[in-house]
Amino acid sequence: MAASLRLGCGRRALGYLLGFASGQRAEAVVTSLGRGVGCRGLHGTAWLWVDPIKILMPSLSPTMEEGNVVKWLKKEGEAVSAGDALCEIETDKAVVTLDSAEDGILAKIVVEEGSKGIRLGSLIGLMVEEGADWKQVEIPKDVSPQPPPASPAPAPPVAKAVVPASATKAPPAGKMLLRLSPAARNILETNDIDASQGTPTGPRGIFTKEDALRLVQLKKSGKLAESKPSPAPPITTAVPSPPPAAPGPPSYPRPMIPPLSTPGQPNAVGTFTEIPASNVRRVIAKRLTESKSTVPHAYATADCDLGRVLKLRQSLLKDDIKVSVNDFIIKAIAVTLKQMPDVNVSWDGEGPKQLSSIDISVAVATDRGLITPIIRDAAAKGIQEIALSVKALAKKARDGKLLPEEYQGGSFSVSNLGMFGIDEFRAVINPPQSCILAVGRSRPELRLSEDEEGNATLQQHDLMTVSLSSDSRVVDDELATKFLERFKANLENPVRLY
């Protein structure tokens with residue numbers, strides 16, 4: 001312990017203050033006194049300090065690179081016991097509580113609430129042991145405090161776009177601006193005729209080929225005056241002008257209806273509102289982009305008849321057992337994966353890996369973004385147990401209280417948008433998983449089916465469309481099709497799920 005002490009005076013002075021003739025004897029006594037206390041001797045008081053306990057930004061998920069300090073749950077000077085919650089940290093997945101590993105006193109909050117983008121390992125607070133003077137704690141010199149959240153920088157001035165003179169130059173006075181068809185333009189330029197001497201008869205005022213041929217006939221009959229190119233206006237700018245071109249046939253600009261557009265001003269002040277992105281949103285955007293750009297997605301779709309599932313659900317409801325259709329879907333996926341272990345695989349960048357546990361990730365929408373809590377070992381759980389687990393995890397996800405082990409991992413994902421009235425959709429694979437099942441709503445449809453006597457009858461069926469997105473590197477089209485067929489059979493016959 002003596003090596004960790006930082007004394008406020010020299011060894012001889014300390015010995016004098018404590019009333020000992022030898023500084024060595026005083027050091028032995030100091031060693032036994034502990035950290036951060038004042039020692040009163042015969043001639044005065046000597047204060048002892050130790051380096052404070054550093055609270056660093058921890059790594060709370062495998063993909064976490066930085067975190068946000070959402071809220072401090074302890075105040076400076078407040079006693080802290082091991083296991084007490086110090087603050088709430090927003091990771092790339094959820095809001096997680098940071099617990100203290102030691103007893104002591106929270107001496108200084110280095111990073112204030114609301115600070116964002118704190119790198120892993122950065123100092124966010126300091127603690128001292130009980131009995132120490134926490135007010136005297138200073139930030140270590142080798143660690144600089146995290147700068148306060150930067151105010152949004154003012155938008156850079158937007159340079160005014162320079163529009164070419166040719167685009168803004170008005171047509172010569174007395175000359176009407178016409179829209180010419182390509183054929184009419186070619187005829188007029190070949191015969192050196194000004195289009196303003198004729199009348200356009202095409203739709204929306206277009207000067208057509210027939211209008212041009214009419215002017216050619218008038219010129220041949222001598223009833224049309226010769227057109228002369230109008231002199232160019234004098235150039236008053238200081239920029240040297242190119243030499244004048246030789247006189248030639250008049251050129252006609254491209255159609256100017258609608259008029260020429262003025263160059264825009266992207267990101268100009270007042271044209272948009274900046275929306276701050278949370279860590280969760282940034283990570284979701286990054287992972288979705290990586291998934292769609294690096295994982296070869298393949299898709300397969302099937303309609304499942306929910307008639308028997310809905311009847312069983314109503315029967316369970318009479319016994320006060322509340323389960324949803326989504327709980328049956330999760331169970332059917334787990335049973336199918338157990339029957340077809342070749343689909344329960346992942347790709348880690350080097351090759352496929354066979355997974356021993358069937359863990360189903362269930363997509364849950366929250367205010368901070370989409371998160372996928374995991375139903376562990378779903379194949380071994382009953383429908384009611386799955387329902388209770390989904391309900392508890394969904395609540396923790398919306399409250400931002402999920403633990404890292406409750407959303408990290410998983411071997412297969414399911415995303416259900418049926419409650420929002422979506423018939424069908426295709427989901428993006430969550431790497432390193434190889435598959436995700438997108439589930440639509442249940443809808444009634446009339447279909448032909450055979451009765452017990454083999455006669456065709458028109459009956460109403462409750463159908464649900466599911467779409468499987470699979471990683472073609474590990475689950476090819478044939479395997480994905482077989483999985484979807486087996487899943488459909490298991491779901492349509494709930495007795496297979498037990």
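Predicted model: local features only at pLDDT ≥ 70, side-chain atom pairs only at ≥ 80, totals over all residues.
A residue counts as exposed when its relative accessible area is over 50%, as buried when that area is under 20%, and as partly exposed in between.

Asp-320 has a relative accessibility of 60%, so it counts as exposed. This residue lies in the loop that runs between α7 (307-318) and α8 (325-339). The phi angle of Asp-320 is positive, near 60 degrees, in a residue other than glycine. A positive phi, of about 50 degrees, is also found at Asp-377, which is not a glycine either. Asp-377 belongs to the loop between β20 (374-375) and α9 (383-399). Its relative accessibility is 39%, so Asp-377 counts as partly exposed.

A further aspartate, Asp-211, has a place in helix α5 (residues 209-220). With a relative accessible area of 2%, Asp-211 is buried. The side chain of Asp-211 makes a polar contact of 3.0 Å with the side chain of Arg-214. Leaving aside residues up to four places away in sequence, Asp-211 touches Thr-199, Pro-200, Thr-201, Gly-202 and Ile-206.

Turning to the strands, an open sheet is built from four of them in the order β8-β7-β5-β10, with antiparallel pairing. The edges are formed by β8 (95-99) and β10 (118-119); each has a single partner strand, so one side of each is left without a neighbour in the sheet. Helix α6 (residues 279-294) packs on this sheet and touches both β5 (66-72) and β7, with its direction at about 155 degrees to that of β5. Within the sheet, β7 (residues 85-90) pairs with β8 in the antiparallel sense over five bridges. Here Ala-85 stands opposite Asp-99 in β8.

Strand β9 (residues 104-109) is mostly covered, with five of its six residues buried. One of its pairings is with strand β6 (residues 79-80), antiparallel and over two bridges. In this pairing, Ala-79 is the residue opposite Ile-105 of β9. Strand β9 also pairs with β11 (residues 123-128), again in the antiparallel sense, over four bridges. Lys-108 has Leu-126 in β11 as its bridge partner.

Aromatic rings come next. A pair of aromatic rings is described by the distance of the centres and the angle of the planes. One aromatic pair is found in a search of the whole structure. Its members are Phe-412 and Phe-483, whose ring centres are 5.5 Å apart and whose planes are at 35 degrees, so the pair is tilted. Because Phe-412 lies in strand β21 (residues 412-416) and Phe-483 in helix α10 (residues 477-492), the pair ties together parts that are 71 residues apart in sequence. Phe-412 counts as buried at 0% relative accessibility, and Phe-483 is buried with a relative accessible area of 1%. Another ring, that of Tyr-299, has the charged end of Arg-426 sitting over it, 6.0 Å from the ring centre.

Pro-431 and Pro-432 are joined by a cis peptide bond, with omega at about 5 degrees. Pro-432 is found in the loop between β21 and β22 (435-450).

Terms used. Residues numbered from 1 in each chain as written. Heavy atoms only, no water. Pairing = 2+ DSSP bridges. Contact = heavy atoms within 4.5 Å. Axes fitted to C-alpha atoms, helices over the stretch in contact; angles between N-to-C directions. Phe/Tyr/Trp six-rings, centres within 6.5 Å; stacked < 30°, edge-to-face > 60°. Buried < 20%, exposed > 50% of the residue type's maximum accessible area, 1.4 Å probe, protein only. Lys NZ or Arg CZ within 6 Å of the ring centre and 35° of its normal. Polar contact = N/O pair within 3.5 Å; in protein donor to acceptor, adjacent residues only side chain to side chain.
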